Amino acid sequence: MAEYVGALDQGTTSTRFMIFDHSGNVVGIDQKEHEQIFPKPGWVEHDPAEVWARSQDVIAGALKETSIPAGDLAAIGVTNQRETTVVWDRSTGQAIHNALVWQDTRTDQICNELMADGGQDRFRDQTGLPIATYFSGPKVRWILDNVDGARARADAGELAFGNMDTWCIWNLTGGIEGGQHVTDVTNASRTMLMDLETLDWDDGLLDTIGVPRTMLPEIRSSSQVYGDAVGLAAGVPVAGDLGDQQAALFGQTCFDVGEAKNTYGTGSFLLLNTGTEPVPSKSGLITGVAYKIGDQPAAYMLEGSIAITGALVQWLRDNLKMIDAAPEVEELALSVEDNGGVYFVPAFSGLFAPYWRTEARGVIAGLTRFVNAGHIARATLEATAWQSREVVDAMNADSGVDLTSLKVDGGMVHNELLMQTQADVLGVPVIRPTVAETTALGAAYAAGLATGFWSSIDDLRGNWGKDKEWTPKMDADAREQQYAMWKKAVTRTFDWVE
C-alpha cells in the first residue's frame with residue numbers, strides 16, 4: 001500500500017526531492033544546489049546535465065534518509081523554475097547549449113524586433129503576456145539562431161525543447177529510451193507560444209517568433225499520469241506537473257476565486273485565482289493558467305512577477321560578502337532602527353511587474369555618510385516588501401477586489417522582520433502556513449489527485465493549517481510617505497541601458 005507521494009522541486013538555485021504523507025506533512029527531504037553560470041552581464045545559464053544529475057541525487061538521498069522504498073510512493077509530481085529553456089538532441093539526450101535561465105536578458109534584441117510591429121502587448125490578447133526577455137519562446141529562438149546547425153536540426157525533428165519540467169519528466173520517464181516529451185498548461189502558458197483560450201500551441205505565434213512545432217512537447221493537464229518513472233523510482237507514476245508559482249498556489253489550496261498567495265524565493269510571485277475565465281490585465285500583470293486537474297476546465301490567474309527578492313540577499317552574501325549566510329541578513333537589519341533613508345531597487349535583470357522595463361538596472365538611492373551595513377540590509381528586505389506592494393496595488397486594480405490578507409510561502413517567510421515589514425507596507429495581515437514549502441507540496445497534491453491518493457481538493461483543503469500571522473503596525477501616513485520614496489527610487493532605474 002503506497003503511503004506517500006514524492007515531489008521533485010527543480011528550482012533556480014537548487015533541486016530537492018520531498019516526500020509527503022496523506023496529511024501533507026513532510027517526512028523526507030534532500031536538496032542540492034547547482035552552479036549559476038554568468039557568461040556576460042545579463043546572461044544567466046544552468047547546465048542541464050548537472051541539473052538532472054542533482055535531481056537523481058536528491059531522489060536517492062530522500063529515499064535513503066527516510067528508508068522508504070520507492071514502491072511506497074503513490075506518485076511523483078514535478079515542479080520547476082518556469083521559463084528556463086532547454087533544447088536537446090532527442091537521440092543522444094544531450095543539451096545543445098546551456099539552459100537559458102528565466103532571469104537571462106540576452107533576448108532583448110529579439111524582443112525589440114517583435115515589439116517593432118505592435119508594441120509590447122502585441123501578443124497579450126492571445127497569451128496573456130507582454131513581450132519580454134523573461135519568457136521561453138524568444139530564448140528558444142536565440143538558441144536556434146546561435147548554435148551552428150540548430151535550426152536545420154530542429155526543422156528535421158531532431159531537437160526537443162522544454163522548460164525544466166519537460167526536461168526532468170523526459171529523463172525521469174526514460175530519456176532516449178522512450179521518455180515522455182510533455183509539459184502542462186501552466187508551463188506552456190509561460191512560453192509566449194500557447195493560446196490561453198485553446199490551451200494549445202499557436203501556429204501564428206510559432207511562425208512569428210521563429211520556433212518550429214516539431215520541437216514542442218505535448219501540452220497536458222497539471223494533474224494526470226504522464227508515464228512511469230525508470231531508474232531510482234522505477235514504476236512510480238509521474239502524475240503532476242506545475243510551474244513553481246502555480247504549484248505554490250495549489251499547495252496553499254487557493255482553489256476559490258479571489259484567493260491569493262505570495263511566494264518568496266529567488267524572485268517573488270504573487271498569484272490570484274480568477275476562476276475559469278482569463279482576466280486581461282490593464283495594470284502590468286500577467287494573465288496565465290493557474291492549474292488544470294484532469295479533464296476539468298482550466299483555472300486562470302493574475303500574476304505579479306518580481307525578478308529579484310531572495311536573490312538580493314544572496315547578492316549581499318556572495319558579491320558584497322556582507323554576510324556569511326542568508327539568514328544573517330535579519331540580524332544585520334535589526335542592528336538599526338530603520339533604513340536610514342536608503343532604498344534599494346534590485347533591477348538587476350530589468351524590472352518585471354508592473355513595469356516591464358528591460359532596460360532598467362539596479363539602484364541604491366539615498367546614500368549618505370550616516371549609512372552603514374545594517375541600513376543596506378534593512379533596505380534589502382524592504383525592497384521585497386515594497387515590490388510586493390506594487391504588485392498588490394496592480395492586482396487590486398485589475399480584479400476590482402481589495403486584498404484582505406495574504407498567504408505567504410517560500411524560503412524567506414522564516415525571516416520574521418521581513419514578514420512584519422510586509423504586513424506593515426500592505427496594511428493587511430500576512431499568514432504563514434504550517435508547511436511553508438508549498439511549491440513541492442502543490443506538485444505532490446497534483447500527482448496524488450491524479451492517482452487517487454487524495455480523492456478531492458477538499459482533502460487538500462483539510463490539510464492546510466496556519467502557523468503564524470503578522471498584523472500591520474505601521475502608521476498609515478508613514479506607510480504612504482515611505483511608499484512615495486520607494487516609487488521615486490524606482491524611477492531612477494529607468495532607461496539605464498541604451
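**Group meeting: a walk through the predicted model**

Let me begin with helix α4, residues 136-146, which is mostly covered, with nine of its 11 residues buried. The buried residues of α4 are Ser136, Gly137, Pro138, Lys139, Val140, Arg141, Trp142, Ile143 and Leu144. These buried residues pack against strands β6 (85-89), β7 (99-100) and β8 (159-163) as well as against helices α2 (108-115), α5 (150-155) and α8 (203-209). One of them, tryptophan 142, also has the charged end of arginine 106 over its ring, at 4.6 Å from the ring centre.

From there I turn to the sheet. It is an open sheet of six strands with mixed pairing, and its order is β3-β2-β1-β5-β14-β13. Which strands stand at the edges? They are β3 (26-33) and β13 (223-228), and because each has a single partner strand, one side of each is left without a neighbour in the sheet. From one strand to the next, the twist averages 25°. Within this sheet, β5 (residues 73-80) pairs with β14 (residues 237-243) in the parallel sense over five bridges, and here isoleucine 76 stands opposite valine 238 of β14.

Helix α6, residues 164-172, lies across β1, β5, β13 and β14, and runs at about 145° to β5.

Now to the aromatic residues, where a search of the whole structure finds 22 pairs. Tyrosine 445 and tryptophan 454 make an edge-to-face pair, 5.0 Å centre to centre and with 90° between the planes, and both of these residues are buried. The ring of tryptophan 454 also pairs with that of phenylalanine 453; here the centres are 4.8 Å apart and the planes stand at 85°, so this pair, too, is edge-to-face, the cut-off being over 60 degrees. Phenylalanine 453 is buried, as is tryptophan 454. Elsewhere, Trp102, Tyr134, Phe135, Phe269, Phe352 and Trp356 form one aromatic cluster. Arginine 357, for its part, lies over the face of phenylalanine 494, at 4.1 Å from the ring centre.

Leaving aside residues up to four places away in sequence, asparagine 339 touches His375, Arg378 and Glu382, and its side chain is joined to that of glutamate 382 by a polar contact of 2.9 Å.

I close with the backbone, bearing in mind that most residues other than glycine have a negative phi, and most peptide bonds are trans. Alanine 353 and proline 354 are joined by a cis peptide bond, with omega at about -5°, and proline 354 belongs to the loop between β19 and β20 (363-365). Serine 67, in the loop between α1 and β5, has a positive phi of about 60°, as threonine 253 has one of about 55° in the loop between α9 (244-251) and β15 (260-264). Is each of these residues buried or exposed? Serine 67 counts as exposed, at 62% relative accessibility, whereas threonine 253 is buried, with a relative accessible area of 5%.

Conventions:
Residues are numbered from 1 along each chain as its sequence is written. This is a predicted model: local features need pLDDT of at least 70, side-chain atom pairs count only at pLDDT 80 or more; totals for chains, interfaces and linings use all residues. Side-chain values use heavy atoms; hydrogens and water are left out. Rings of Phe, Tyr and Trp (its six-membered ring) pair if their centres lie within 6.5 Å; planes under 30 degrees apart count as stacked, over 60 as edge-to-face and the rest as tilted. Buried means under 20% relative accessible area, exposed over 50%, partly exposed in between (1.4 Å probe, protein chains only). A charge sits over a ring if NZ of Lys or CZ of Arg is within 6 Å of the ring centre and within 35 degrees of the ring normal. A polar contact is a pair of N or O atoms within 3.5 Å; within protein, one must be able to donate a hydrogen and the other to accept it, and residues adjacent in sequence count only if both atoms are side-chain atoms. Contact means heavy atoms within 4.5 Å. Two strands pair if DSSP finds at least two bridges between them. Helices (H or I, at least four residues) and strands (E, at least two) are DSSP runs, numbered from the N terminus. Axes are lines fitted to C-alpha atoms, for helices over the stretch in contact, and angles run from 0 to 180 degrees between N-to-C directions.
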